[in-house]
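The following exercises ask you to read a fold step by step, beginning with a single residue and widening to the elements around it. Try each task on the structure before turning to its solution.

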Amino acid sequence: LMAQPLTKINPARATLRQGEYAYGAIEGGLQPIVDAGTKVPGGRGSKKIVFRTGTTPDGAVSKVTVLATGELVITDQRVIFTGDTKSFAIALDQLMVVTRYSDGFGFDDGKSSYEVVTPETAGRTAFAQALYKITQR
């Protein structure tokens with residue numbers, strides 16, 4: 001798959017700008033995870049921190065809450081998550097960190113961090129490959 005050229009797709013939910021093309025899309029959930037004892041700063045009801053599933057220092061697994069379900073899309077200009085209750089878009093030239101987790105993807109633009117958990121499907125691998133190809137241009 002890595003040797004194959006990128007193929008343009010039509011995302012189901014995301015609205016593209018004129019001249020913008022999508023190359024990967026997968027359903028997922030925008031997911032916050034708060035480690036035990038961590039206070040999440042809230043500014044007018046919005047949470048700017050997106051959290052990671054895993055084990056806390058005391059060995060307990062953090063409780064998982066999905067903030068929104070929707071579609072994660074990689075285009076030639078942005079990473080877009082269009083959810084039922086929350087959405088985000090990061091321009092590729094502003095994207096500082098991309099992390100591939102075993103259960104999804106993390107994105108950071110230096111101001112905000114986001115994590116989208118995706119189902120275990122071949123689509124996750126295909127999305128990861130499109131993401132890699134686009135961000136390595």
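**Exercise 1: contacts of one residue**

Task: in this predicted model, list what I74 is in contact with, leaving aside its neighbours within four places in sequence.

Solution: taking contact to mean heavy atoms within 4.5 Å, one finds Y21, A22, Y23 and G24, then V79 and L92, and finally F127, A130, L131 and I134.

**Exercise 2: the core**

Task: which residues of the largest nonpolar core touch the most other members?

Solution: the core has 20 residues, and those that touch the most other members are L72, I74, V79, F88 and F107. Two or more residues come from each of β1, β4, β5, β6, β8 and α1, and α1 gives the most, with five residues. In general, nonpolar side chains of soluble globular proteins tend to be buried together.

**Exercise 3: the sheet and the helix across it**

Solution: the seven strands follow the order β6-β5-β4-β1-β9-β8-β7, with antiparallel pairing. The edge strands, each pairing on one side only, are β6 (87-91) and β7 (97-101), and the twist averages 25° from one strand to the next. Within the sheet, β8 (residues 104-108) and β9 (residues 113-117) pair over five bridges, and G106 has E115 of β9 as its bridge partner.

How values were computed:
Residues numbered from 1 in each chain as written. Predicted model: local features only at pLDDT ≥ 70, side-chain atom pairs only at ≥ 80, totals over all residues. Heavy atoms only, no water. Pairing = 2+ DSSP bridges. Helix = DSSP H or I, 4+ residues; strand = E, 2+ residues; numbered from the N terminus. Axes fitted to C-alpha atoms, helices over the stretch in contact; angles between N-to-C directions. Core = buried A, V, L, I, M, F, W, Y, C linked by side-chain atoms within 4.5 Å. Buried < 20%, exposed > 50% of the residue type's maximum accessible area, 1.4 Å probe, protein only.
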